[in-house]
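Subject: Structure handover

Hello,

Please find the structure below. My notes on its salt bridges follow.

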Amino acid sequence: VAGVRAEPELLEALVEAGLGVRTDTGFAFVHGILRESVERTAKEAGLAVALHRCCADAFWDDSPRSRQRNANHLIAAGDFHEALEPLLEASRGYEIIGDLEASRAAYVQWEETARAIGLSERSEEWMAGLLRRADIERAHGRFSEARRLAEYVAQNPITPEGMSVAAFRAVGEAALSQGDLAVAIARLENARGQATAAGMRNDAALAAMALAEALLLRGDREAATEALEAARSRITARALPGQHVQLLRAVAFMAVHNARFDEAIARYQEALAIAEANHLRIGIGLCYLGLGDTRRLSGDPVEASREYDEALRVLGPAGPLHVAQVQLAQAANAIALGRDAKAAGLAATVRTQFAGHERRRELAFADGALAIVACRRGDVDALDQVRAYFTALQAYGSGEPDLVWLLTRCGEAAMPLDRVLAQALLERAIAGWRSLGWADEVARLTHLRASSITPGE
């Protein structure tokens with residue numbers, strides 16, 4: 001059976017006989033019929049259980065495929081309870097490498113197995129399954145359901161401390177994705193406090209990273225900087241590669257907010273190298289996406305296009321929601337390049353893709369992009385879209401460069417159609433850039449707004 005470890009002499013003999021081949025995981029029969037023959041012979045000899053247990057022991061590496069095959073052999077051997085943990089590990093592993101459908105399938109198999117053996121819904125193992133399901137729901141953009149499940153786990157008295165930390169963080173991250181900054185900050189502070197008290201350094205670091213982002217979006221840069229520094233001081237060498245990638249991306253995100261573009265690019269590239277070395281598809285794609293955003297915001301949309309193309313290439317197999325995330329960034333970049341037809345097409349595609357998902361920020365961003373293009377075409381009716389975007393933006397404050405950038409473009413595009421509205425938009429954009437410390441944009445827009453005001457206004 002593929003992956004089985006056996007005596008070297010036996011493997012060599014099988015290879016020489018043309019019955020097997022060497023593989024990355026050890027050995028495989030040259031044809032499935034041979035494997036089926038071994039399984040049939042073992043069954044006829046009353047050794048099927050022993051064979052499956054042997055095969056389960058053979059899948060020793062941490063890859064999600066090996067963990068799932070380990071579980072499958074345990075189930076075939078009748079060891080259902082022992083199969084639960086490797087199924088959850090497989091689900092987590094598939095999500096890390098960007099295979100969300102395989103991640104969900106492994107979880108469904110876990111739940112079916114758990115119910116088949118009558119696993120108590122008041123057990124720690126059941127709580128672990130619910131938390132895994134919450135992570136899956138969040139990955140698919142169903143943030144309310146993710147919050148509900150994770151909150152239930154976090155508040156349940158039977159949940160062990162370590163799992164409670166992860167559950168509070170899951171609630172906070174889902175709330176952050178919804179733009180509910182108050183809940184996000186509260187839950188992430190819960191997670192960081194519990195992890196710190198328990199000496200769980202890496203868990204404290206992960207909570208602090210997400211907390212820094214939430215504080216940054218709220219406009220509290222000083223507290224965000226403190227949270228990020230705390231994360232950097234707590235993360236250890238034993239952290240998983242993906243966690244190091246996450247930290248470097250958080251540092252880069254902070255640098256972009258502070259208009260330190262060279263630093264942001266360096267950190268994204270450092271994170272990219274780690275993600276590529278460890279085959280972390282989503283990490284790789286998000287690094288390219290971050291590089292594209294950095295290039296666009298720093299005024300280099302041509303180079304940003306190349307980064308976004310790479311992000312799309314990498315994230316394409318990870319699912320339509322990741323693709324839509326990149327397309328939204330490409331729509332903004334098309335606006336920067338003056339390619340309005342492309343921007344409108346991408347924004348409309350994203351709006352369709354996110355319909356039915358709880359992606360309010362992304363939907364507002366897509367609406368803003370469509371409104372800008374319509375205003376540039378002289379469509380007076382588009383001003384209602386601009387006003388709607390302006391209203392939607394209120395929920396996200398002025399702490400995100402991307403949203404302030406789009407608000408700026410809205411104001412510029414609306415100027416020929418409605419100067420009063422345009423000036424209000426630019427005034428809000430100026431406040432946003434000022435809170436971010438982007439002095440050049442503040443000066444440019446202040447001059448633009450002043451030059452648009454006629455005497456007596």
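Is Arg449 buried, partly exposed or exposed? Arg449 counts as partly exposed, at 24% relative accessibility; the class lies between buried (under 20% relative accessible area) and exposed (over 50%), with a 1.4 Å probe and protein chains only.

This is a predicted model, where local features need pLDDT of at least 70 and side-chain atom pairs count only at pLDDT 80 or more, while totals for chains, interfaces and linings use all residues. Residues are numbered from 1 along each chain as its sequence is written, and side-chain values use heavy atoms, without hydrogens and water.

Searching the whole structure gives 32 salt bridges, each defined as a side-chain nitrogen of Lys or Arg within 4 Å of a carboxyl oxygen of Asp or Glu.

One of them pairs Arg351 with Asp367, with 2.5 Å between the closest N and O atoms. This pair links distant parts of the chain, 16 residues apart: Arg351 in helix H18 (residues 340-354) and Asp367 in helix H19 (residues 360-376). Helices are DSSP runs (H or I, at least four residues), numbered from the N terminus. Arg351 is partly exposed at 32%, and Asp367 is partly exposed at 24%.

Arg449 has a salt bridge to Glu427, the closest N and O atoms being 3.5 Å apart. Here Glu427 sits in helix H22 (residues 419-436) and Arg449 in helix H23 (residues 439-451), 22 residues apart. Glu427 is partly exposed, at 46%.

Within helix H23, Arg444 and Glu441 are 3 residues apart, about one turn, and their side chains form a salt bridge at 3.2 Å, N to O.

Regards

Terms used:
Helices (H or I, at least four residues) and strands (E, at least two) are DSSP runs, numbered from the N terminus.
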